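Open your viewer and get ready to select residues by number. This tour goes stop by stop.

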Amino acid sequence: MTVFPGDDTRGVTLTDHVVVHANAPLADVSVAREASASEKTEPGVLLGTFSADRRTWTSAGGLYSDSRYQVTATTSPAAGIVGTKSVRTSFVTGVPEKAFKVSWDPVAGQTVGVGAPISLTFSAPAPDRAAVQRMLSVRTDPPVLGAWNWISNRLVVWRPQQYWTPGTKVHVEANLAGYDAGGGRLGVKDRAMDFVVGSAQISKVDAATHIMQVFRNGQLLRTMPVSLGKPTTPSMDGPHNVLGKSPEVIMDSATVGIPKGNPDYYYEKVQWAVNYTSGGQYVHSAPWSVASQGRTNVSHGCVNASPADAQWFYGISRLGDIVDIVNSGRPPDTSQLGNFWSVPWSVWKAGSALPVSDQPETAAPTTPPAASTAVPSAPGGPGASAAGGPGASAAGGA
């Protein structure tokens with residue numbers, strides 16, 4: 001019996017496969033991976049397949065960086081061969097000079113709103129979008145129809161066709177171990193995470209009536225007088241998904257091309273800020289515009305609310321909640337994060353690097369046990385829910 005890589009080999013390349021070959025049928029082959037402190041991984045197993053005659057076993061999936069693997073193999077009795085044989089070997093993988101990694105939003109264990117997309121950000125450009133997408137999967141319970149859309153070579157986003165159903169359980173995998181991304185970059189491990197969809201919080205904001213109504217699961221929680229963007233700096237129409245929130249942000253117009261000295265220049269510290277576009281629009285406290293709230297639009301593009309209303313809204317908001325604005329006169333900018341729900345489904349799924357099924361994934365999400373490593377599935381950063389801590393800088397308009 002032969003085993004590749006050989007016993008006690010070190011620095012094994014992550015793109016290599018484990019191959020066990022014998023002159024008799026193999027009864028069993030198992031490859032266990034030990035935990036790696038440097039890669040922050042738990043113990044796992046490497047899956048594989050037998051040849052038709054069961055004399056060769058070849059691993060599926062890539063190897064993890066800086067990890068020790070233990071190979072155990074046993075042959076079966078065979079005609080003309082005396083006895084059986086068992087072997088136990090081990091090897092240690094190397095560490096590539098450059099790693100190809102992924103971060104995502106939401107994060108594991110998070111409860112999100114019904115409009116939360118799944119955003120995966122890679123540490124370097126993906127040289128082959130289709131190849132990378134084959135290593136990604138989203139499984140949900142109940143089944144949900146959705147699709148990946150490549151925003152750039154480093155950012156790919158999965159979105160359902162329609163808002164999530166509250167209570168949906170979501171399992172996401174990025175099986176990048178051993179993937180050769182070119183330029184010496186290799187995928188160093190697989191990743192998986194689970195999150196759950198919470199209640200359906202949808203806020204309807206009307207720029208014509210200057211009213212914001214907050215609904216949860218269809219029930220009206222609060223009606224708030226607000227002030228939106230004035231005619232020269234209108235708010236953005238469309239359903240937006242909450243990107244994060246902060247108790248205080250600094251809004252500096254110089255970050256959006258309005259320098260100090262310009263009549264429209266502003267520099268404000270605003271409280272209870274709930275961000276819904278990457279262009280810097282928020283629902284936030286605006287004590288200076290309370291007299292205009294419910295009457296006229298005077299902001300630089302954000303949704304101004306009274307301190308009490310803004311603090312209340314901040315307290316109940318979470319990643320993925322919907323802020324739906326109408327009658328502002330400014331169309332949504334779908335190049336900005338937070339505006340993906342304004343992209344028609346036919347256009348959205350056209351952004352996939354692989355064909356998109358018209359049927360949802362039927363397999364319910366089952367989190368693999370800690371000791372398993374899933375084989376890359378068929379086609380289907382660190383992201384945090386907060387936009388920043390106190391004093392975070394924002395490019396939005398107050």
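The place of Ser67 is where we begin: select this residue in the loop between β7 (56-59) and β8 (68-75). Keep in mind that the model is predicted.

**Stop 1: Ser67**

Is Ser67 buried or exposed? Ser67 has a relative accessible area of 1%, so it counts as buried. Now show its side chain. The side chain reaches the backbone oxygen of Ser65 at 2.8 Å. Next, look for contacts beyond four places in sequence. Ser67 touches Arg33, Glu34, Ser36, Phe91, Val92 and Thr93.

Select Arg33 from that list. Arg33 lies over the face of Tyr64, at 3.7 Å from the ring centre.

**Stop 2: Glu39**

Move to Glu39, in the loop between β4 (26-33) and β5 (44-45). Its relative accessible area is 9%, so Glu39 is buried. Which residues does Glu39 contact, leaving aside neighbours within four places in sequence? They are Ser65, Lys101, Val188 and Lys189.

Glu39 and Gly80 are 41 residues apart in sequence. In space, their C-alpha atoms are 46 Å apart.

**Stop 3: a four-stranded sheet**

Switch to a cartoon view. Find the open sheet of 4 strands, in the order β12-β20-β17-β14, with mixed pairing. β12 (111-112) and β14 (136-141) stand at the edges. Each has a single partner strand, so one side of each is left without a neighbour in the sheet.

Select β17 (residues 169-175) and β20 (residues 190-197). These two strands pair in the antiparallel sense over 7 bridges. For one example, pick Lys169: its bridge partner in β20 is Val196.

**Stop 4: salt bridges**

Side chains of opposite charge can pair when their charged atoms come close. How many salt bridges are there to visit? The count comes to 3.

Start with Glu173 and Arg139. Their closest N and O atoms are 3.6 Å apart. Glu173 is in strand β17 and Arg139 in strand β14, so look for distant parts of the chain, 34 residues apart. Both residues are buried.

Go on to Asp309 and Arg222, whose side chains meet in a salt bridge at 2.9 Å, N to O. Asp309 lies in helix α2 (residues 307-316) and Arg222 in strand β23 (residues 219-225), so the pair ties together parts that are 87 residues apart in sequence. Asp309 counts as buried, at 10% relative accessibility. Arg222 is partly exposed, with a relative accessible area of 27%.

Then select Lys349 and Asp358. Their salt bridge spans 3.3 Å, N to O. Lys349 counts as partly exposed at 25% relative accessibility. Asp358 counts as exposed at 54%.

**Stop 5: aromatic rings**

Show the rings. The count comes to 9 aromatic pairs. One of them is Phe100 with Phe122, a stacked pair. The centres are 5.4 Å apart, with 10° between the planes. Phe100 lies in strand β10 (residues 98-100) and Phe122 in strand β13 (residues 118-122), so the pair ties together parts that are 22 residues apart in sequence. Phe100 and Phe122 are both buried.

Ring pairs link Phe100, Phe122, Trp150 and Tyr179 into a cluster.

**Last stop: Arg159**

Finish with Arg159 and Trp348. The charged end of Arg159 sits over the ring of Trp348, 5.2 Å from its centre.

Notes: Residues numbered from 1 in each chain as written. Predicted model: local features only at pLDDT ≥ 70, side-chain atom pairs only at ≥ 80, totals over all residues. Heavy atoms only, no water. Buried < 20%, exposed > 50% of the residue type's maximum accessible area, 1.4 Å probe, protein only. Contact = heavy atoms within 4.5 Å. Polar contact = N/O pair within 3.5 Å; in protein donor to acceptor, adjacent residues only side chain to side chain. Pairing = 2+ DSSP bridges. Salt bridge = Lys/Arg side-chain N within 4 Å of Asp/Glu carboxyl O. Phe/Tyr/Trp six-rings, centres within 6.5 Å; stacked < 30°, edge-to-face > 60°. Lys NZ or Arg CZ within 6 Å of the ring centre and 35° of its normal.
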